Amino acid sequence: MAEDYTGAPAPPNHPPAPGGASPGPFRSRRNLLFLVAVLGLFAAWFFRERWMASGFDWQAFARSFINVHWGWMAASVVLALATYLGRALRWRVMLRPLKPDANLWRLCTATAIGFTAVVLLGRPGEFVRPYLIARKEAVPVSSQLAVWFLERIWDLMAVLLIFGFALAQVRHSRVNLGPRFAWILETGGYLVTAAALVAVIVLIALGGFSGAMRQRLLSALAFLPEQHHRRADRVVTAFLEGAASTKSGSSLFLLLSYTVAEWAVILLGMGCLFWAYPATAHLGIRDVLIFTGFVAFGGLVQIPGIGGGIQIVSIFVLTEFFGVPLEAATAIAIMIWAVTFVVIVPVGLGLAFREGLNWRQFRQLKSEAVERAEAAGGDSGLREAK
């Protein structure tokens, strides 16, 4: 049964921080502005060095969209949509300690709406998904923020492993690098892979020794005033509740399996997109690994309605590493952004409207989610929406 958000009880108000300060860590945009500035400087340099110096051929750029194998492109879109189902399945495993019977359809709906909020509203939209899941499944927001954080750790480990393996194999790829630079990347690949394996061990230890870890963390924070120490206790407890899925061997195996499957689908979808273009049809899976590793880091900055560093990094890697013409690389970068991010927007908006959200309420949902994320340390749970 569809949930009507317009009739759901409003979240409780939370008092402002001591001293009248209320911005909180999630409202601070200094880091985002810094990343956008760095990205803008790099874009300006790249535009001057490549586009203006080489003379951009707009006809060749237009032909890149015409000479597309639409069968491969359709396969890439289907695989991109399948990744959202994979994320919902993995989230359900991490939600199991708090809600063993979590509804997969509700998780899929919240996932689609959440990623749509990220595309349209920027990085603050990240909090829409855990907030919606908390409302739908009647669990604390703080626990779902912990699940969201764990999801990021799993994805980061996957990216590190992919990137590390790809860089270690760079000598055997089509990447045009000098021998000295190739040696540096190869060595860095082994180091990155080792760091990812260490992160896997830490994640497993987090679930196995959560009780002892909680005591040590709270002991280390004993210098805090009593009010802040109680708040820290609630935050740590909620986080460990969200991380409780790593205690079970079967859940850990499922999380690992879903993560491997998720990124296998992502890589296969990227490969299908490459094979749809004549300029990149010759690239193999090792090349896809290298490309995906670089582009994954370029997605750190999201500009509402535009995207982020993924386009610039895509063009840079395709032209500098694989020798793809600038016009074709630009067209491919735009399509990668569309397939990776924009493809979920019609689905997410359709599901949001189906649940009773108009555009104004959809935008308000982001602000509401951020406010609840800020107050999650003092959150004692959510009422089930009626």
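Thr 116 touches Ile 344, Val 345, Gly 348, Leu 349 and Phe 362 when residues up to four places away in sequence are not counted, a contact being defined as heavy atoms within 4.5 Å. The model is a predicted one, in which local features need pLDDT of at least 70 and side-chain atom pairs count only at pLDDT 80 or more, whereas totals for chains, interfaces and linings use all residues. Residues are numbered from 1 along each chain as its sequence is written, and side-chain values use heavy atoms, with hydrogens and water left out.

Thr 116 lies in helix H5 (residues 104-121), where helices (H or I, at least four residues) and strands (E, at least two) are DSSP runs numbered from the N terminus. With a relative accessibility of 0%, Thr 116 counts as buried, a word that stands for under 20% relative accessible area, while exposed stands for over 50% and partly exposed for values in between (1.4 Å probe, protein chains only). Although Thr 116 and Leu 349 are 233 residues apart along the chain, their C-alpha atoms are separated by 7.1 Å. Val 345, one of the residues touched by Thr 116, belongs to helix H15 and is likewise counted as buried, at 11% relative accessibility. Apart from neighbours within four places in sequence, Val 345 is in contact with Thr 116, Val 119 and Leu 120, and its C-alpha atom is separated by 7.8 Å from that of Phe 115, a residue 230 places away along the chain.

For the chain as a whole, 16 helices and two strands are found, and 47% of the 386 residues count as buried. Among contacts between residues at least 6 apart in sequence, 74% join residues at least 24 apart.

In soluble globular proteins, nonpolar side chains tend to be buried together. A nonpolar core is here a set of buried Ala, Val, Leu, Ile, Met, Phe, Trp, Tyr and Cys residues joined through side-chain atoms within 4.5 Å. The largest such core has 44 residues, of which Leu 273, Phe 274, Phe 291 and Phe 322 touch the most other members. At least two residues of this core are supplied by each of H4 (70-95), H7 (141-168), H11 (249-275), H12 (285-298), H13 (309-320), H14 (326-340) and H15 (345-354), and the largest share, 10 residues, comes from H14. A second, separate core of 39 residues includes Phe 127, Leu 252, Leu 351 and Val 370.

The axes of H11 and H14 come within 11 Å and cross at roughly 145°, where axes are lines fitted to C-alpha atoms, for helices over the stretch in contact, and angles run from 0 to 180 degrees between N-to-C directions. Between these helices, Met 270, Leu 273 and Phe 274 of H11 meet Ile 332, Met 335, Ile 336 and Val 339 of H14. Leaving aside neighbours within four places in sequence, Leu 273 is in contact with Met 73, Ser 76, Ile 332, Met 335, Ile 336 and Val 339.

Arg 87, in helix H4, is buried, with a relative accessible area of 11%. Its side chain makes a polar contact with the side chain of Asp 155 (2.8 Å), such a contact being a pair of N or O atoms within 3.5 Å, of which, within protein, one must be able to donate a hydrogen and the other to accept it, and residues adjacent in sequence count only if both atoms are side-chain atoms. Beyond neighbours within four places in sequence, the residues in contact with Arg 87 are Thr 111, Phe 115, Glu 151, Asp 155 and Glu 262.
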